[in-house]
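Work through the exercises below with the sequence and coordinates open. Each task is followed by a solution in steps.

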Amino acid sequence: MTARDKGSGGGPVTGPVRERLAVVRCGGRQGSGYLLTPRLVLTAAHIVDGNEHIRVAVPGTGQERPCSKAGSWYDPAAGLDVALLSSAHALNALRSDTPARWARTESLDPIPDCRAVGFPYVQRDGQGRLDTEQLIGTYKPGSGLFSGRDVLTVDGTPPAPRTDGVSPWAGMSGAAVFAGGALLGLITADPQGWQHGRVTVTRLHRLLAEPDFRTVLEDHQYPVLTTPLNETARFELRYSAYIAQRHGSLRMLGIDLTDRKRATWPLDAAYCSLEAAPRDVGEGDGRLRSAVPLSAGPVPAEQALAGHDRVLLRGVAGSGKTTLVQWLAVTAARQELGRYLHYLRDLVPYVLPLSTIARRERLPAPGEFLTAVEVPLTGPPGWTEKVLADGRALVMVDGLDEIDQRARERVGDWLRGLLAAFPGNHWLVTSRPSAVAEHWLADEGFAELTLSPMSRRDIDAFVERWHNAARRAAADDPEELHRLNGYQDGLLDALHTKPDLTRLATNPLMCSLICALHRDRNGYLPTGRKELYDAALSMLLIRRDRERDLAPQLTEAPQIQLLQKLAYWLVKNNQAEMDRSDAVSLVASALPSMPAAAALGGAAEVYQYLLERSGLLREPAAGAVDFIHRTFQDYLAARAAVEERDFDLMTRNAHRDQWSDVIRMAVAHARPDERARLLKKIISRGDRVRTHRARLHLLAMACLEHATELDQDVRSAVKDRAEQLIPPRSYREAEALAAAGAIVLELLPGPARLNHHEAASVVRTAIRIGGDAAVPVLRRFAAHANPESVRLLRNFLPNVDREEYAGEVLARLPRADTVYLARSEEELRVLSRMGGVERIELRGWVPVHRLASYFDRERVTQIDLRGADVDHMMFLHGFPHLRAFNFQGLLTATDLEDLLALPELTVLGIDADLPKTLPDTSSARVSQLTLTTSAFPAWLDACQRLFPALDRVRLLPRRRSVLDLAPLVGLPRLTEVVVHASHTVLNADRLPHARVTVL
């Protein structure tokens, strides 16, 4: 064998492996094959063409086993000749998780030293017994460009011709070709005119564009890892390894009490998937009866870019924005892609934190992406530009809120320039909710999503993973392991039974704090947010050093005094980072009045002590310093602002998003008379300044949550102003109102005298506040729900008992108009017990094959699948009256054939690329079609063939593009076409009987 199969270690295969070689027989034909897994064989399609009995033997096993075709891709005119065979039994003792990398060619340069091992006729002995031949040659990607028939020229002397005219290479078809240790293709033919000195090859990487092909690989749990084959390839492998290492761990707050080295945890083990929801789930003009726009509704955050090439993701402090960026970068770098992450295939990730790159005199050009974030690698000349030009980049710009407004405008112009020069890539920008206006860069096709608060299930999963990380750090302490088990159970119980605690655990940062403090305090927890931060600081500043018995030890008070000076400087200067020299200078100015700190040495020594021992500072780049999380910075800055009595300064900046959390915490830090003074100033400024009135009055309302003691007249004045902003009339107003907390719920009106949009905004506000107290508010709207409110109310509410929510809210929604949503089998069970469900949407890992056992099959008229785990569509035939179906995911030709056969289906929505192979059938019943895709030409060309009776078509491009409607001319019944987010529509005038609307 030519390479080692790292079977026991699970590493990637680096070349052809002897134990994977196979002989394939079908009828009177014999060819070669290669085992991808113990039960999955790769071979040439023409060998197994037809319905003959297929048998596969692996030399050395002494047995030949029957196999069936799992898939076949055969188009000789296009040079396509590949089949996958499946065996019910293992063909050899291999591990299925030791895949070879699949080669990706990016230039026309010849690739020498390619190798294939097969079983050709020329190697048969006198008795006709098979033997192997190792073919070595040069792959020429510049040959056969138009026919698709790639070429491998044979090194050395080719075999002599046979007297019967049959190729001496007969039997070699299906042999796997490796180049540079990567799986390149399959030998498929011996072309005429070359005296057997070359063979044709089907390049395998092109098959990855076939959804059917990927589906078969996934069904057999075979992950595809790709690699390019040139100097660029070698660099990209090094760069990918660097990204995976650099971003592949997550700091678990609170686990570093005794050893900071144990504070990190592998990202893939620590990452908890959260959901992201669109900022606007409007229905559009409402004329098309597609149940829910496929781009609407919460989706797993890591899938945010699956349906959108450009995303602005908003989330509050600590909600997991940066962690998501890390996870996407590592997943793209490793190319370990799950069923619904194919959009990351072959993408190159770039992580660009604005807190770092915006400190430069100018924002980086593509060639400076790596140096701007201090990646210690130098790529080939023009590498980043080429990646972007080829549309292979995943550009993630993190932390728009961490720079000032003027810098944000620079970033907007910078992004517009990059998008104009390099269309077709994937772009993700993250920000706190209020850092930029709604629809920022919407004209460039950016979809806006917001990270949702953690659900009860998310919280439970996070608590479990945090304690798993803690157990890993305490592996040598049996007593601590036993205590951790008790801490986990006790904390989960407290989170399930104490609503006030659950309200705090809304994002990963707060969950980390709660877990850490619960452990540190032996199961006791503070109740309020300020008390939580106070305890966390005490834990980080004092407890860790005490347990490690480190000296000299600076007490908590002087550490906080110094840290809050740094934090306040950052806030006042609208900076997320500061130069190390500025930090040392600030420390130096404070030391004369702080003898305890001065005893440690000079300013540089004291700064280094804070950096190494406080657990709150870090140096993200050489010469720069910031806080480990913006929340701690704001908390400490608020303390400094109150101590310096900067109430006028806070009031002047109260409309700025960088100051909102600082002011809330300032109210918590202040004495009663001080907080009354601050709040009166803020509402007074709101009365005077119309442009900022709503923001200032809602900020004052949000501050009441932290005002444990406050003059009643001031409290009433704040509430009076807030009531004037109720009901909210936009998404942004609803989000701002919800930020004020549960106190808002008692002010929200009922549905009477509200228009549909106002009612939906009130519902959104109550949902964002959440908790059991929100249920009575939502109950009032359920019985009088309009379509916009129904789409919000149909979701199970996070941190609320599902049975209670179903009985109080879901059961009151109009059954015929509500598409009920289930994200788990538990939610399916709750909906089934509620009864009467006619329309259902499934998301995530919901067992669709058991759907018929939960609902009345005669009653269900609509099913939607978004990211659900679907192997096939046959289960839909169990619902005889299904009239509407919406789907997002991978669509195969077999899936499409199953959909076309549904007897009553009239409304179809598809968010997927068109399969390369189309079924021979069509549907004369489907009259309404909604398409969401980045490849409209193929779909539009297929519409007349697949859906000849279409009456209405709705098109949602994943990015702005030019759409040619000419393929729809052949639809005689077409009366309406609606196009969303398109620059230009061509040939609309060729549809004289159809009304074309461009939104």
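**Exercise 1. Packing of a helix**

Task: find which elements the buried residues of α31 pack against, and which residues of the helix are buried.

Solution. Start with the partners: the buried residues of α31 pack against α30 (893–900), β31 (907–911), β32 (928–933), β33 (952–957) and β34 (962–964). Contact here means heavy atoms within 4.5 Å. Helices (H or I, at least four residues) and strands (E, at least two) are DSSP runs, numbered from the N terminus. Next, list the buried positions: α31 spans residues 936–946, and F936, W939, L940, A942, C943 and L946 are buried in it. Buried means under 20% relative accessible area, exposed over 50%, and partly exposed in between (1.4 Å probe, protein chains only). Finally, consider the spacing: an α-helix has 3.6 residues a turn, so residues three or four places apart point the same way.

Before going on, note the source. The model is predicted: local features need pLDDT of at least 70, side-chain atom pairs count only at pLDDT 80 or more, and totals for chains, interfaces and linings use all residues. Residues are numbered from 1 along each chain as its sequence is written, and side-chain values use heavy atoms, with hydrogens and water left out.

**Exercise 2. Overall form**

Task: state how many helices and strands the protein has, and compare its radius of gyration with the globule rule.

Solution. The protein has 31 helices and 37 strands. Its radius of gyration is 31 Å, close to the 30 Å from the globule rule for 999 residues, so the protein is as compact as a globular protein of that length. The radius is taken over C-alpha atoms, and the rule is 2.2 Å times the number of residues to the power 0.38. Along the principal axes, the C-alpha atoms fill a box of roughly 105 × 70 × 55 Å. Of the 999 residues, 58% are buried.

**Exercise 3. Nonpolar cores**

Task: identify the residues with the most contacts inside the largest nonpolar core.

Solution. A nonpolar core is a set of buried Ala, Val, Leu, Ile, Met, Phe, Trp, Tyr and Cys residues joined through side-chain atoms within 4.5 Å. The largest has 192 residues, and Y805, L831, I840, I863, L865, F885 and L955 have the most contacts inside it. A second, separate core of 64 residues includes V325, W327, V348 and A407.

**Exercise 4. Backbone geometry**

Solution. The bond from I726 to P727 is cis, with omega near 5°. P727 lies in the loop between α23 (712–723) and α24 (731–738). E374, not a glycine, has a positive phi of about 60°; for N574, also not a glycine, phi is positive at about 50°. E374 is partly exposed at 46% relative accessible area, and N574 is partly exposed at 23%.
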